[in-house]
Amino acid sequence: MIPKVFTQIIDLGDGRTISIETGKLAKQAHGSVVVRMGDAMLLGTVVSNYDASPVDFLPLTVDYREKFAAAGRYPGGFFKREARPSDNEVLTMRLVDRVLRPLFPKDYHAETQVMVQLMSHDESVMPDALAGLAASAAIQLSDIPFETPISEVRVGRVNGKFIINPSRAQLLEADIDMMIGASADSVMMVEGEMDECSEEEMAEAIKFAHEAIKIQCAAQVRLAEAFGKKVTREYEMGKEDKEMEKKAHDFSYQKVYDIARAGSAKHERSDAFAKIKEEFKATFSEEELKEKGELISKYYDKAEKSAVRNLTLNEGLRLDGRKTTDIRPIWCEVNYLPSTHGSAIFTRGETQALATVTLGTSREANQIDMPTHQGEERFYLHYNFPPFSTGEARPLRGTSRREVGHGNLAQRALKGMIPAECPYTVRIVSEVLESNGSSSMATVCAGTMALMDAGIQMKKPVSGIAMGLISDGEKYAVLSDILGDEDHLGDMDFKVTGTADGITACQMDIKIKGLSYEILVSALKQARAGRLHILGKITEAIAAPNADVKPYAPKMITRTIPNDFIGALIGPGGKVIQELQKTTGCTIVINEDPLTGEGIVEILGTKQAGIDAVLTKIDSLLFKPQVGGVYKVKVIKMLDFGAVVEYLDAPGNEVLLHISELAWERTDNVTDVVNMGDVFDVKYFGKDPKTRKDKVSRKALLPKPEGFVERPPRDSSRDSRGGDRDNRGGDRDRKPRERRD
């Protein structure tokens, strides 16, 4: 039976369209759609169990995968099968998750799985920008409770013009690259990188993206209506007890307010709040605790959150005693680790990051092999968040999605400040040693100092700050340098990085509806003041990049050589380059420039003598004497008919100095004129037409002896018997001479 297909078309206004289709694929999923733009096609599905999970949160999994078959390629590696997700796939999962999760009911705890996969790839379409649309559209066609449709778009600015969902080629020319997630009413998520843009420019990009998202949300509503959206399922809602809620508020609110108002450190404050909670629970019998324990904890947490928020809104005070614009105390140190190529500690309050820098050749570049993109990163950052940083003990399960996301944000913040002419592959590793509020921004600051300590000539230093927002609909407070608790209880968490001249990266999660752009710009400007304050602390620790790399760090020299000399430098079976690396202690990497075809030689070594030896070898290979030029040579071998000499300016380049070119006088023995190790000048005459070998002369630079008569040159057209060279052996037309008996 031919399936009935329902489709909605979204016009992007520049000749490009997006289609959303359902009814053909994956019909056993609770909701499924195919989103298409150009030849790019994504399948989005959602399934949610009908039985609630025993946990007290929503067990939501968002999965995004790019299939290699979509681009007509095989997966790399030994097993030709897609395995664990790449970092870019993880980042896309996080972008979608952050917008979807807040829109499920708070008391909905059924296991839910959203899966989006790229089934067909188009080089002119970046599919990650369509993943949020596919996920939301699938949910809209299901009976899963969900507040409102959402979508996500990428916005780029090229030559001053904003573009929705630009191609990768267009992004290479863009000075703004942002992903925005929103409903028709409210912006909910922002993440991206910029080329030192202003706060107003960033707000304009968000507005432009939101208008496109409104159109995509309306298309989802039309599709669901045409398809016949299912009635939202019933589920067991959370229990409510207004009497207990009032009791929790009356018992806890003022006590929490007073402790919060006093200002204290993280663990001291946590212990005090925990004590109040235990005192409140002690007012109930064991039977009541067993029956209503979850509600008791829920209502206490609600009262605590209310008290802390009201303290900030009413008095402008915060949990640790600061005012809304205050930054926690900062101390920095560079060159802390003696053996690394660069290192720095950045400590802000109870958050601390230790960053290291490692320098390498192009061989150490981070290889990217995805169906939609292949390439390499010569600058990359890895972020580690061990459990001890928050005073916890938990099992290590590999790199978490959070670590990937925070590391990517810090990498995007810094990469624009790495000069294009930097010859190194640069890797930063941030070890978070303490965490109570934005370790990713501490990573940006520590990374900046570590780069400067390593001698990387950054264009400008970069700092970062995490901001918060508390609003009751009428009053609002923007918080600079938020704590971990303020992140949890606030209405917006946004991280902004930049130089003194503008924003380089941002990440925002907005939890309230209808946030005005005026408040957003105000918050961004307050963030700028905080960034500049932190930037001042960084430059106090290290004002400018070190002039050179550390003595024990490798120095990088690059040389360009003609393509036809690459083989000579490598040698048969790699013999020349391997021996050169062994004798000099340097790492030598040879790449071919795809545009010019020339060889690019990277020389990495810790000792200048070794680097100089490699450069000398390259100069030797490239050495070409000029006709008429005079060169200093050294005798390295004696022969009966001359001496083999080596150009002193190009060791390894040898030429035969014939015995007849030693002196004007007749020379019977080479040793009558020169000996091993003698150094003198010779003149280069180019290729000898008879021998086709290089010809040099010592005598050409000497004065002729008095009375010297030069012998006339022999007529090369006559043989040694005076006959015509062309007619030796007789006329070819003549009959052969009869053999004598």
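Does E196 count as buried or exposed, and at what relative accessibility? In this predicted model, E196 counts as buried at 19% relative accessibility (buried means under 20% relative accessible area, exposed over 50% and partly exposed in between, with a 1.4 Å probe and protein chains only).

The residues are numbered from 1 along each chain as its sequence is written, and side-chain values use heavy atoms, with hydrogens and water left out. Local features need pLDDT of at least 70 and side-chain atom pairs count only at pLDDT 80 or more, while totals for chains, interfaces and linings use all residues.

**Figure 1. Overview of the protein.** The protein contains 14 helices and 29 strands (DSSP runs numbered from the N terminus: helices are H or I of at least four residues, strands E of at least two). Its radius of gyration is 37 Å, well over the 27 Å that the globule rule gives for 741 residues, so the protein is more spread out than a compact globule. That radius is taken over C-alpha atoms, and the rule is 2.2 Å times the number of residues to the power 0.38. Along the principal axes, the C-alpha atoms fill a box of roughly 140 × 70 × 45 Å. Of the 741 residues, 50% are buried. Among contacts (heavy atoms within 4.5 Å) between residues at least 6 apart in sequence, 68% join residues at least 24 apart.

**Figure 2. The salt bridge between K460 and E196.** The closest N and O atoms of K460 and E196 are 2.9 Å apart (a salt bridge is a side-chain nitrogen of Lys or Arg within 4 Å of a carboxyl oxygen of Asp or Glu). This pair links distant parts of the chain, 264 residues apart. K460 sits in the loop between α9 (439-453) and β18 (463-471), and E196 belongs to strand β10 (residues 187-197). K460 is partly exposed, with a relative accessible area of 26%.

**Figure 3. The salt bridge between D619 and R559.** Here the closest N and O atoms are 3.0 Å apart. D619 lies in helix α14 (residues 608-622) and R559 in strand β22 (residues 555-561), so the pair ties together parts that are 60 residues apart in sequence. D619 counts as partly exposed at 35% relative accessibility. R559 is also partly exposed, its relative accessible area being 24%.

**Figure 4. S620 in helix α14.** S620 is buried, with a relative accessible area of 4%. Leaving aside neighbours within four places in sequence, S620 is in contact with A650, P651, G652 and N653.

**Figure 5. The salt bridge between K695 and E661.** The closest N and O atoms of this pair are 3.8 Å apart. E661 is buried, with a relative accessible area of 12%, whereas K695 counts as partly exposed at 30% relative accessibility.

Figure 6. A search of the whole structure finds 46 salt bridges.
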